[in-house]
Amino acid sequence: MAYQVDQTAVVDAGCEIGEGTRIWHFSHIMQGCRIGERCNIGQNVVVSSGVVLGNGVKVQNNVSIYTGVTCEDDVFLGPSCVFTNVINPRSAIVRKEQFRETRVERGASIGANATIVCGHTIGRYALVGAGTVVTKDVPPYALVVGNPSRQVGWVSAYGHRLTFDASGFARCPESGQLYHLQDGIVEEVIE
């Protein structure tokens, strides 16, 4: 077997699971989802039908990923974060045709206990703080916190807070990568 599954986990038939992925205790991987290579699916995680997880995705314990969610490569989902897929759920009314798609772009991180309301995109390398409720799109490299989420700064691909100078440049203290902020858009600078 190219991937590992704890004996207490349930993996439905009809899933695609990439090489080197590990699925831990009491998790449920539902039919029709796709999980990439080298992913780590923590304890008590639900990955619903139709969910797509790229390569290198890390899903911490007690995370619920519902139909309509796509996470690109190297996404981090913190403990007990949750995704929704319907704006106005009711127990007695089936609204599967109203599921809204949510995309988490490459390298983004979502903190513990965050809630991602459906229908939004979290940009590449964005950082969603613990407990945040995301109710709108999050730009690439943005740092958002609170309920509802509000942007309080920018972060590097390594997750460090960026402080831009008067010319709109900042350097990551760990990687040394240079970034440029112009018209509310952050981009890496090729030197």
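This is a predicted model: local features need pLDDT of at least 70, side-chain atom pairs count only at pLDDT 80 or more; totals for chains, interfaces and linings use all residues.
Residues are numbered from 1 along each chain as its sequence is written, and side-chain values use heavy atoms, with hydrogens and water left out.

Is His-120 buried or exposed? With 15% relative accessibility, His-120 counts as buried (buried is under 20% relative accessible area, exposed over 50%, partly exposed in between, with a 1.4 Å probe and protein chains only). Setting aside neighbours within four places in sequence, His-120 is in contact (heavy atoms within 4.5 Å) with Glu-101, Thr-102, Arg-103, Val-134, Thr-135, Lys-136 and Asp-137. Its side chain also reaches the backbone oxygen of Thr-135 at 3.1 Å.

## Strands E23 and E24

Let's move on to the hairpins. Strands E23 (residues 169–171) and E24 (residues 178–182) run antiparallel, joined by three bridges; two strands pair if DSSP finds at least two bridges between them. Arg-171 stands opposite Leu-178 in E24. Six residues lie between the strands of this hairpin, where Gly-176 takes a positive phi near 80°.

## Strands E24 and E25

E24 also runs antiparallel to strand E25 (residues 185–188), with four bridges joining them. Here His-180 has Glu-187 in E25 as its bridge partner. In this hairpin, two residues lie between the strands, and Asp-183 takes a positive phi near 55°.

Notes: A polar contact is a pair of N or O atoms within 3.5 Å; within protein, one must be able to donate a hydrogen and the other to accept it, and residues adjacent in sequence count only if both atoms are side-chain atoms.
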